[in-house]
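Have the structure open and follow the points one topic at a time.

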Amino acid sequence: MVARGEITRFWSLESLHLVSSDGGGESSALADDNGSEEDYGYGDLCRANPRYLQPGGEQLAINELISDGSVVCAEALWDHVTMDEQELGFKAGDVIQVLEASHKAWWWGRSGDREAWFPASFVRLRVNQEEPPEGSSGTPGAAPEERPESKQQMRTNVIREIMDTERVYIKHLRDICEGYIRQCRKHTAMFTVAQLATIFGNIEDIYKFQRKFLKDLEKQYNKEEPHLSEIGSCFLQHQAGFAIYSEYCNNHPGACAELAGLMQQGRYRHFFEACRLLQQMMDIAIDGFLLTPVQKICKYPLQLAELLKYTTQEHGDYSNIKAAYEAMKNVACLINERKRKLESIDKIARWQVSIVGWEGQDILERSSELIHSGELTRVTRQGKSQQRTFFLFDHQLVACKKDLLRRDVLYYRGRTDMDAVELVDLEDGARTPGVRNAFKLVSRMGDEVHLFCAKKPEDKTRWLQACRDERRRVQEDRAMGMEISEHQKKLAMLNAQKAGHGKSKGYGGGGCPAAPPLQSLRPVHQRHVTVPASLPQQQVFALAEPKRKPSLFWHTFHKLTPFRK
């Protein structure tokens, strides 16, 4: 129980008029249909299954397992791209063997033949740690051969993890809605309606949805024999509802930026801390709580994949679990695609700012990713050849001219609306003698024709494929409802315009503790290695490569072009 005197160190309760859950006002307890409060404890489960890793409090259990000589494996929730040789890079879904977990934010682990530090918040620990590492006796992931009774226990563990983490997640959502949002709305002098919408997004809708989802899960949960539970139908039934996470994840970078601005002022830091203490929330800063929906939606496919592994084809839930896994994987893919687009628009905005003489609307008004770039010769109707550098984005093709002396300087020379033209491949010498490696973009509405020539046949092939990819991606975006908000577009352009005045810093928030002394962080067998100084970039939902030494912009701009299978 938090004493009121403790709260007043951060904020005056008389000025806040905060309503405690135990002192009148609305109750913050999450009750079930019978009016009883949910039990969020894990003691009985962990005592009954000593190798079951307790969600949210696994650090002690990990070190105990490692010290006993056990192999502890974790699955990556997101990509971790790094150029620091002391950090471990991996892709979403990769399995990492955890070798040291004494530090809260950074763990030491092995992936393939490399050992290095990695951010603990980027991974989800496997529920069943009995299974050997992948491949055989040294690498994570190959399916073990279990006895039938062992497989039942494995399925029981995964089912329990799904149920337990779902209950804890509901508590976090409740705390955000009752502990933060409710109090913020009472202080109109501190927060505008627009600010609260930016910071918290649609998290109240997510809370309502997740309560319904958990209620259905509880109905399907077999408490006496958890391995017989059939929960796959719940995911399928609520499949469409999970789409609300896209809006939240799309809004999250803007929420971090808004929160970062407020946290520059002491009164806001103290206010949020007072809210946390009065709600009796765990010791995580508000930005950490706001990240939980992003983490949760990415965990579902991993949990269902593990559940499917321990569900026999004869089990009544097998087909539903298999379908649910595919459904939740698609939801996560959509959210990851949105994340990738958001990372891309910042780079595109900086690119536009670097172009001399830009005219017309901003590139982000219609586009959100660079698909291809390179040099082409444009042939005018009068037969005049113009050497230009072209940048193909979704919806538009931008033409630039290089400076004669400074080849890294580009001048704006117009754009073509890709939605209004059709791609036509031309054979060498056809209709226009002497023209080779050519193609044209023909207007659908008029007689306008844009004729282009590449230097080599392979260059032409790349451009033709890029133009087809552009149309395909536009259709995919429309089908998925992929949109970037006006606020995020304006914010990207504003940050790009300010970039020349100094390198901007992402908001790390107060959720991660300062790194302890280096000696306490180093594994016994790697004393010479130091823990990374930077905080995990996941704190701001920016899961791309952490900022390192500055490099020449034009040497790296081509990296905007994404790799797609």
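In this predicted model, seven strands make up an open antiparallel sheet, ordered S9-S8-S7-S6-S12-S11-S10. Strands S9 (410–417) and S10 (421–425) are the edge strands; each has a single partner, so one side of each is left without a neighbour in the sheet. From one strand to the next, the twist averages 35°.

- A reminder before you zoom in: strands of a sheet pair through backbone hydrogen bonds, in either a parallel or an antiparallel arrangement.
- S10 pairs with strand S11 (residues 438–443) in the antiparallel sense, over five bridges.
- To find this pairing on screen, pick Glu422: its bridge partner in S11 is Val442.

**Helices on the sheet**

**Two loop residues with positive phi**

- His395 is not a glycine, yet its phi is positive, at about 85°.
- You will find His395 in the loop between S7 and S8.
- With a relative accessible area of 15%, His395 is buried, because the cut-off for buried is under 20%.
- Asn437 is another residue other than glycine with a positive phi, here near 55°.
- The loop between S10 and S11 holds Asn437.
- Asn437 has 9% relative accessibility and therefore counts as buried.

- Met480 belongs to helix H13.
- Its relative accessibility is 33%, so Met480 counts as partly exposed, a class that lies between the buried limit of 20% and the exposed limit of 50%.
- Leaving aside residues up to four places away in sequence, Met480 touches Leu334, Glu337 and Arg338.
- Take Glu337 as one of these contacts: Met480 and Glu337 are 143 residues apart in sequence, while their C-alpha atoms are 9.9 Å apart in space.

Note on methods:
Residues numbered from 1 in each chain as written. Predicted model: local features only at pLDDT ≥ 70, side-chain atom pairs only at ≥ 80, totals over all residues. Heavy atoms only, no water. Pairing = 2+ DSSP bridges. Helix = DSSP H or I, 4+ residues; strand = E, 2+ residues; numbered from the N terminus. Axes fitted to C-alpha atoms, helices over the stretch in contact; angles between N-to-C directions. Buried < 20%, exposed > 50% of the residue type's maximum accessible area, 1.4 Å probe, protein only. Contact = heavy atoms within 4.5 Å.
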